[in-house]
Amino acid sequence: QVQLVESGGGLVQAGGSLRLLCVASGSIFRINGMGWYRQVPGKQRELVATITSGGNTNYADSVKGRFTISRDNAKNTVYLQMNSLKPEDTAVYYCNVDITYYDGGYIRRKSDYWGQGTQVTVSS
């Protein structure tokens with residue numbers, strides 16, 4: 001049906017930058033909201049940033065001014081540009097999308113498709 005593939009994670013020193021990508025593919029009718037979340041072992045997954053189909057964005061207070069979420073609707077891709085990274089940004093980052101898709105002649109909507117996660121490690 002729908003697949004999400006994330007990339008762009010890695011190891012970076014504090015103060016550095018990374019850009020995450022999440023590409024959606026499959027029987028997509030329309031992608032609605034898109035977002036990034038992150039999770040540290042032993043803690044709940046937390047919202048990092050979201051972007052609506054119209055381009056409205058929302059950020060966690062901890063990343064405002066440092067991270068930028070954007071999307072390319074033609075490529076079914078959402079990006080997360082992360083600048084001025086801090087060790088506390090270390091986590092597995094997950095892409096989340098709200099998708100309307102084709103399913104055997106029907107059109108269905110799933111509001112919480114998740115990617116497999118990509119590790120971001122920021123060293124001090």
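This note covers the salt bridges of the structure and the surroundings of Gly-33.

1. The model is predicted: local features need pLDDT of at least 70, side-chain atom pairs count only at pLDDT 80 or more, and totals for chains, interfaces and linings use all residues. Residues are numbered from 1 along each chain as its sequence is written, and side-chain values use heavy atoms, with hydrogens and water left out.

2. The whole structure holds seven salt bridges (a side-chain nitrogen of Lys or Arg within 4 Å of a carboxyl oxygen of Asp or Glu). One of them joins Arg-38 to Asp-89, with the closest N and O atoms 3.0 Å apart. Arg-38 sits in strand β4 and Asp-89 in the loop between β8 (77-82) and β9 (91-103), so the pair ties together parts 51 residues apart in sequence. Strands are DSSP runs (E, at least two residues), numbered from the N terminus.

3. Arg-38 and Asp-89 are both buried (under 20% relative accessible area; exposed is over 50%, partly exposed in between; 1.4 Å probe, protein chains only). Salt bridges also link Arg-38, Glu-46, Arg-66 and Asp-89 in a network.

4. Lys-64 pairs with Asp-61 in a salt bridge, closest N and O atoms 3.1 Å apart. Lys-64 is partly exposed at 48% relative accessibility. Asp-61 is exposed at 63%.

5. Gly-33 lies in strand β4 (residues 28-39). Gly-33 is partly exposed, at 24% relative accessible area. Beyond neighbours within four places in sequence, Gly-33 contacts Ile-51, Thr-52, Arg-71, Asn-96, Val-97 and Asp-98 (contact: heavy atoms within 4.5 Å).

Terms used:
Helix = DSSP H or I, 4+ residues; strand = E, 2+ residues; numbered from the N terminus.
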